[in-house]
Amino acid sequence: MTWLWLKESQKADEYLREIQELGQLTQAVQQCIEAAGHEHQPDMQKSLLRVGLEGRAGQGWELSLLLSGSSQAASFGKCFLDRFPPDSFVCMCQDLRVLNAVRDYHIGIPLTYSQYKQLTIQVLLDRLVLRRLYPLAIQICEYLRLPEVQGVSRILAHWACYKVQQKDVSDEDVARAINQKLGDTPGVSYSDIAARAYGCGRTELAIKLLEYEPRSGEQVPLLLKMKRSKLALSKAIESGDTDLVFTVLLHLKNELNRGDFFMTLRNQPMALSLYRQFCKHQELETLKDLYNQDDNHQELGSFHIRASYATEERIEGRVAALQTAADAFYKAKNEFAAKATEDQMRLLRLQRRLEDELGGQFLDLSLHDTVTTLILGGHNKRAEQLARDFRIPDKRLWWLKLTALADLEDWEELEKFSKSKKSPIGYLPFVEICMKQHNKYEAKKYASRVGPEQKVKALLLVGDVAQAADVAIEHRNEAELSLVLSHCTGATDGATADKIQRARAQAQKK
Amino acid sequence: MAFPHRPDAPELPDFSMLKRLARDQLIYLLEQLPGKKDLFIEADLMSPLDRIANVSILKQHEVDKLYKVENKPALSSSEQLCFLVRPRIKNMRYIANLVNADKLAGRTRKYKVIFSPQKFYACEMVLEEEGIYGDVSCDEWAFSLLPLDVDLLSMELPEFFRDYFLEGDQRWINTVAQALHLLSTLYGSFPNCYGIGRCAKMSYELWRKLEEEEDGETKGRRPEIGHIFLLDRDMDFVTALCSQVVYEGLVDDTFRIKCGSVDFGPEVTSSDKSLKVLLNAEDKVFNEIRNEHFSNVFGFLSQKARNLQAQYDRRRGMDIKQMKNFVSQELKGLKQEHRLLSLHIGACESIMKKKTKQDFQELIKTEHALLEGFNIRESTSYIEEHIDRQVSPIESLRLMCLLSITENAELPSLQSYGPEHLLTFSNLRRAGLLTEQAPGDTLTAVESKVSKLVTDKAAGKITDAFSSLAKRSNFRAISKKLNLIPRVDGEYDLKVPRDMAYVFSGAYVPLSCRIIEQVLERRSWQGLDEVVRLLNCSEFAFTDMTKDDRASSESLRLILVVFLGGCTFSEISALRFLGREKGYRFIFLTTAVTNSARLMEAMSEVKA
């Protein structure tokens, strides 16, 4: 029938209608399409397909385009068959085009349709790649619209891997050529290509290629393998991935001698602080060496200070650690810290002696607490001596004694102390602390000695509202007046309140 | 009194999804170890875990006994041990000791370590060094975002602050980037990004890289949140150092809110037991007072109590049917409200007892003077007295830092607190909480000069020394530039606040919040060059707008603020206020909720 139809015989039409009436048109079309697949001659393929198409008019123009790209006119007959699915037709056209392309004598892969189907397109592509027919493979991928990762990217990657083996081309040219072709094609791993280049002994090229790798995580392992550890380190740092940095660091630690390793760290502050953190928990000695290497005396000092209370147990060891720390601080020209450290050494020794002589717990107390403990224990002389030795500022000492004596409720000693000389902190704190211990009687003693500025406050504290009012009126101080007024409660203070109001009124008149 | 949101305020996205995700993943991980097992939990993870999965869920997945990871040997008899820990070397040693002890005893068990939120190579290496890498299996529980409230997400990583800002350790940045990536996967990409600070920039770049690597998926989503703002804590230490006076902040300062809940002791509950209370928007009473200045809270609560009483009283004169209705429908709610009300009143009383003493007034006065930069001499002597009295080292340190940053001055007080604070000082300086006027030599010169004054028993002169030293600091200039100290004629009305300064009694607008406000207004850093320069951040301020037409106008009024290194409740309250004023809504993401005491503790060296 095909033949008849091709001859444009009138019979054809009749046969066609006959087939249609038998209800076998679908089958006939299908057979035509399949027959085309098994045909080797492009002309014959076209004819068969065109017949098949007869059943599916309206789309016939695709045929010529699909099959060869030539614009050979195809006659469009009437539509005899509605709703014949176009897929099988289109697929066949595509397959045939691929097959015809590889059957070309330039390529020379005479596959039959069945072989091709058995082989699958992936394998065919692989074969093309093996034959280095990259352009054709890429064209096929593009033509079949294969996903980039399976198709074009993969072939480009293969091409690039082949390209790096061309020893006669310079590194720069190869790298540039590869980057031009590949660009940012998704799914292409520059690190794989670089690994291939490295495999061929072209380390420099590999490094150049890695420059194009966007994922630092991929760059670093290869760089390490190529023994470009320092480059790997800076790449890892660039990535911001601390784990990656750490991997490189440990690699470097084993690869380099200690000195070189430290020098490398020194130039990479981020890696340095990461490593320091690790050392702080795991390798304290290394940490010390690190500071030593850098002549970082300040940190060395801090290190020994920490050791003095964290790692050393015996008092001798602790003092020795502090001594080392003080020396380091001097070297760091931090006299302040050095002096403080020396003070601490003196204090430790002294605390030890106190424990021996007086018993009790003194070690590890701060200076302040040591003095307090002495006072609480009734060793006032010793406390005084200590305060003098360590030059505790007067104010602080007064506060300290005041608090300690009040805690002891040693009111007698407190009074003696208050009279020892003029208080540098005033007498209001005395009032406050007595009231805190609910000793109004003692508090009143000091209230009278409070300076004029704080007198009102003191009087209010001991609950002497009336006198507070008098003082406030005397001062003609508005703020104080309102303060007293706010303390006037209940009937008892009624008179006082009136007094204040009167004084206020008077002040306003003036 | 409590400010309602404007009617056009955008809806918040639903963050409970994050909880579900975390729970499902944890269950999956637990199921990977089929059969009965004992679970060892790191102390820091207990509260967050509690918010995700309670004990009964753990039991459902065959967790037999729960242990705390601590420095004691564990007496577990289970054949399978599972450890849920932060990636810390200390924990690795703990596990190693346990496994090695088993080995010595000839015992074989199954061990599984779950790292949260991620594992670090250093940890695996320690396991390897200890010779047990082959004996344990490692997994990650990528639980990095805990919704503490409808608008507050916390990473619960308080160590972020010390690790990054003191030790220069950048490992958590990756965790931050992962968290942001998760958010953009779930809630769409953010069309507008702003940031300031070195850490902000690094996190942002790392996050972008993650997005690029995994392109395609997120792009299809409509953005739910229009803006993201990343901010380093060290841009603004001042705000975090101030005493908080907004209710939620004050509760945090006084009782310490931990992972969204607080332990109210017997003095609050007025019983002999302490009570753990969740503080979030679901607590109706708390929700109304959390952002209020403390001076308003008590009045509000008593008003509320009266209303409540009135509602109770309605039941008199009801007939049977009404009564039935009342009991079945309203009574439970009223009872609940009653309970909450009495708790918060108790808390208020307890706070008042502690705070309304003269000391607190003086303290606040001093802080305000420091912020405004007047009466420096008085403030300095106040701080000196504070030290002399040995009230609390942490408090003293805080005030010194505040003085130092606002005035560029420094005040040593080492001998009084013990030698480890020598290290604390060097820490504070390194982190920038104590400022240096010029690097190195000048500083030590200043120190020795000051210390000499102290030892010469001429403490009074110290203030003179300072006023001669007090070079106008950057904070002063920034404060002027951004108008952080509002000028008020007469009394600042704390009941009807006009600006964000209300969170500090009208004395100071939080710097961090002001920056955010300014940038959002301009939609970029343009015109803020001078401020950025003063913050020493010229290289690290960035704006990135991707034109996204699909962003609805509603989403453009939602702003995610990311605080790297922690944020305080005062800042949260201030921004909530700003949101109400401008019709925005803020969502907060912080590495942890912080306050001044936490900052100081993070910097302190303590004897372990």
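How many bridges join strand β8 of chain B to β12(B), and do they run parallel or antiparallel? Select residues 192-196 of chain B: that's β8(B), and 5 bridges join it to β12(B), the two running antiparallel. (Strands are DSSP E runs of at least two residues and helices H or I runs of at least four, numbered from the N terminus; two strands pair if DSSP finds at least two bridges between them.) Click C193(B) and you'll find D544(B) of β12(B) standing opposite.

Before moving on: this is a predicted model, where local features need pLDDT of at least 70, side-chain atom pairs count only at pLDDT 80 or more, and totals for chains, interfaces and linings use all residues. Residues are numbered from 1 along each chain as its sequence is written, chains are lettered from A and ligands numbered from 1 in the order in which they are written, and side-chain values use heavy atoms, with hydrogens and water left out.

Next, show the open sheet of 7 strands in chain B, ordered β6-β7-β14-β13-β9-β8-β12 with mixed pairing. Its edges are β6 (146-149) and β12 (541-545) of chain B, each pairing on one side only.

Last stop: 511-522 of chain B, helix α22. Here 10 of the 12 residues are buried (under 20% relative accessible area; exposed is over 50%, partly exposed in between; 1.4 Å probe, protein chains only), so α22(B) is largely enclosed by the rest of the structure. Among the buried ones are R514(B) and E517(B). Just after α22(B), R523(B) takes a positive phi of about 60°.

Note on methods
Expected span 1.5 Å × (residues − 1).
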